[in-house]
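Here is a short note for a colleague who is new to this structure. The points are numbered and can be checked one by one against the model.

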Amino acid sequence: MRDFPPRRIVCLTEETVETLYLLGEQDRIVGVSGYAVRPPQVRREKPRVSAFISADIPKVLALEPDLVLAFSDLQAGIVADLVRAGINVHVFNQRDIAGILAMIRTLGALVGAAARAEDLAQGFERRLAAIAATPRPSPRPKVYFEEWDDPLISGIGWVSELIEVAGGVDVFPELRHRQAAKDRIVTAEAVREAAPDVILASWCGKKVVPARIRQRDGWSEIPAVRDDRIVEIKSPIILQPGPAALTDGLDAIVAALWRKCP
């Protein structure tokens, strides 16, 4: 960057948008992802320049950004086009709670708001610790998180960790560190054998249909299906690795796990 802090920022995913608003640095944002919905005013305040794996490169360039913020290898093609055009790009790759907190601190440093970012991150850390320390009835409910329905894909790292913070037990914890969705595919039989008490579903932007889950062969005796504990968690609050997941996403998990407990 020729200017520090950057005056004009384009955010290609939603978590950096929300973080910049929380830091009070939203005036630096000149373009956002089409999926950015937090805070609500972003939809009317900022022009939309990208989907998730595609972007309107000419539109991005026309905004003359000092910095573009991207996420993961899934946006590598967009990033390559921007770099070839001479644009400064920072790519985050957070896949767990520690990574989310590091993203917040790093983004704060990039925009000259390191102290505010540290306060924000520490506030989230205190919140997570308080929820994790909340006394819960025993036994802890076993939880299957379904990120996609065909094929069945289990929850990514931060989702698995948030289930544990909320007092649950992820039935596929060994998969949490696998970044690619294709590496977290599970079989219907494996879910049956895991016998989750609660099924949480967020089909990556597609509306969850609990009836389809209940109708799967052999699933009628899964405790979560038998006891009607299939809960949709909206994608914007759980599948973006940022503040939303640590706040509304976590709260939704807590409510789903403990709504039947005294």
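1. W219 counts as buried, because its relative accessibility is 0%. Keep in mind that this is a predicted model. R216 lies over the face of the W219 ring, at 4.7 Å from the ring centre. W219 is also among the residues of a core of 18 residues, along with L175, V225 and I230.

2. Which residue forms an edge-to-face aromatic pair with Y144 at 6.0 Å centre to centre? The partner is F172, and the planes of the two rings are 85° apart. This pair links distant parts of the chain. Y144 is in strand β6, residues 142-149. F172 is in the loop between β8 (169-170) and α8 (188-194). The two residues are 28 residues apart. Both Y144 and F172 are buried.

3. Y144 also forms an aromatic pair with W219. Here the centres are 6.3 Å apart and the planes make 75°, so the pair is edge-to-face, since over 60 degrees counts as such. Y144 lies in strand β6, while W219 lies in the loop between α9 (210-214) and α10 (223-226), so the pair ties together parts 75 residues apart in sequence. Y144 has a relative accessible area of 0% and is therefore buried.

4. The count of aromatic pairs comes to two. Ring pairs link Y144, F172 and W219 into a cluster. A separate ring contact involves W148: K206 lies over its face, at 4.1 Å from the ring centre.

5. Now the sheet. It is open and has five strands, in the order β3-β2-β1-β4-β5, with parallel pairing. The edge strands are β3 (48-50) and β5 (89-92), and each of them pairs on one side only. Neighbouring strands of this sheet are turned by 25° against each other on average, with direction ignored.

6. Two of the pairings can be followed residue by residue. Strand β1 (residues 9-11) runs parallel to β2, with three bridges between them. I9 has I29 of β2 as its bridge partner. Is strand β2 largely enclosed or largely open? Five of the five residues of β2 (residues 29-33) are buried, so this strand is largely enclosed by the rest of the structure.

7. Strand β4 (residues 67-71) pairs with β5 in the parallel sense over four bridges. V68 has V89 of β5 as its bridge partner. Helix α4 (residues 76-84) packs on the sheet and touches β4 and β5. The direction of α4 makes about 160° with that of β5. Helix α5 (residues 97-110) packs on the sheet too, touching β4 and β5, with an angle of about 165° between its direction and that of β5.

8. Which residues have the most contacts inside the largest nonpolar core? They are L69, L162, L200, I253 and L257, in a core of 51 residues. Helix α12 (residues 243-258) gives the most to this core, with eight residues. Beyond its neighbours within four places in sequence, L69 is in contact with residues including I9, V10, C11, L12, H90, F92, L107 and L110. The core of 18 residues that includes W219 lies apart from this one.

9. Some backbone details deserve a look. Most peptide bonds are trans, and most residues other than glycine have a negative phi. A cis peptide bond joins F4 and P5, with omega at about -5°. P5 sits in the segment before β1. Another cis peptide bond joins D150 and P151, with omega at about 0°. P151 lies in the loop between β6 and β7 (152-154).

10. Two phi values also call for a check. E64 is not a glycine, yet its phi is positive, at about 50°. E64 lies in the loop between α3 (57-62) and β4. Is E64 buried or exposed? E64 is exposed, because its relative accessible area is 58%. A195, again a residue other than glycine, has a positive phi near 50°. A195 is found in the loop between α8 and β9 (198-201).

Key
Residues numbered from 1 in each chain as written. Predicted model: local features only at pLDDT ≥ 70, side-chain atom pairs only at ≥ 80, totals over all residues. Heavy atoms only, no water. Pairing = 2+ DSSP bridges. Axes fitted to C-alpha atoms, helices over the stretch in contact; angles between N-to-C directions. Contact = heavy atoms within 4.5 Å. Phe/Tyr/Trp six-rings, centres within 6.5 Å; stacked < 30°, edge-to-face > 60°. Buried < 20%, exposed > 50% of the residue type's maximum accessible area, 1.4 Å probe, protein only. Lys NZ or Arg CZ within 6 Å of the ring centre and 35° of its normal. Core = buried A, V, L, I, M, F, W, Y, C linked by side-chain atoms within 4.5 Å.
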